[in-house]
Amino acid sequence: TSSDGSSETITSSITIDNTMPEIVELSWANPGASSESLVNSSKPTLTGIATPGSVISLTIGSNTYNSLVAEDGSWSIVVTSPLTDGDWDYSLKVSTTAGNSSSIGGNITVDTSVSTSFFLMDEATDSGQKGDFITNSSSPSFTGITEPYSKITLKIAGHSYQVTSNSEGEWFVELSNLLSEGTYDLSVIITDPAGNMLEQSTTVL
């Protein structure tokens, strides 16, 4: 009201938003892994679905990364500061412009290489000097050590044999296709639980 008694009314509107945003789903990109918490990249990518228009904040190590959630709810964050191999805790926060937020946490294991692997001809069929891959057996067998629960593919003379290493990382393959006398190229391909691959080769006589 002014001094002359006149008055003016100003109207406005407010919006009350107390809806809590949600992270509906999330996934670390690593299709070759045996577990969702295993990644084989030092700069992994995290994707997911959350409340459209909200902001996702990922904190891992000493760094925080932000992503705006698209209208269809999708979002993606690339960890740009390299992570060393090992276990990492992380937290995710989703926030709206109204100030509402919610948080979740988790853990991932970074594994960027096959850490150990070697193989030999099994003693029972290694008739030459031990470790020289010379044998008088037409169906030699091979044994090795690698990461536990890795997939082993052994290739020789046009045939492939697949096994999985046990909880101690040990594996064993006996050839079911007989070999005639001669020289053969042998390759062993290791795929660990994180999806890392290592190929080793030798010659069998």
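Trainee: How many bridges join strand 7 to strand 8, and which way do the two run?

Mentor: Ten bridges join them, and they run antiparallel. Keep in mind that this is a predicted model. One spot to look at is valine 94, which stands opposite serine 102 in strand 8.

Trainee: What makes strand 7 and strand 8 count as a pair?

Mentor: Pairing needs at least two bridges. Strand 7 and strand 8 have ten, so they pair.

Trainee: Where do these strands sit in the sheet?

Mentor: The sheet is open and has five strands in the order 2-8-7-4-5, with mixed pairing.

Trainee: Why are strand 2 and strand 5 called edge strands?

Mentor: Each of them pairs on one side only. Strand 2 covers 38–39 and strand 5 covers 63–68.

Trainee: What joins strand 4 to strand 5?

Mentor: Six bridges do, and these strands run antiparallel too. For example, isoleucine 60 has asparagine 63 in strand 5 as its bridge partner. Strand 4 and strand 5 form a hairpin with two residues between them. In that turn, glycine 61 has a positive phi of about 65°.

Trainee: Now the rings. How many aromatic pairs does the structure hold?

Mentor: Three. In one of them, the ring centres of tryptophan 28 and tyrosine 90 are 5.3 Å apart and the planes are at 75°.

Trainee: Why is the pair of tryptophan 28 and tyrosine 90 called edge-to-face?

Mentor: Check the distance, then the angle. The centres must lie within 6.5 Å, and 5.3 Å passes.

Trainee: What parts does the pair tie together?

Mentor: Tryptophan 28 is in strand 1 and tyrosine 90 is in strand 7, so the pair ties together parts that are 62 residues apart in sequence.

Trainee: How do you know whether tryptophan 28 and tyrosine 90 are buried or exposed?

Mentor: Buried means under 20% relative accessible area. Tryptophan 28 is at 7%, so it counts as buried. Tyrosine 90 has 10%, so it is buried as well.

Trainee: What makes the pair of phenylalanine 133 and phenylalanine 142 stacked?

Mentor: Their planes are 20° apart, and under 30 degrees counts as stacked. Centre to centre they are 6.5 Å apart.

Conventions:
Residues are numbered from 1 along each chain as its sequence is written. This is a predicted model: local features need pLDDT of at least 70, side-chain atom pairs count only at pLDDT 80 or more; totals for chains, interfaces and linings use all residues. Side-chain values use heavy atoms; hydrogens and water are left out. Rings of Phe, Tyr and Trp (its six-membered ring) pair if their centres lie within 6.5 Å; planes under 30 degrees apart count as stacked, over 60 as edge-to-face and the rest as tilted. Helices (H or I, at least four residues) and strands (E, at least two) are DSSP runs, numbered from the N terminus. Buried means under 20% relative accessible area, exposed over 50%, partly exposed in between (1.4 Å probe, protein chains only).
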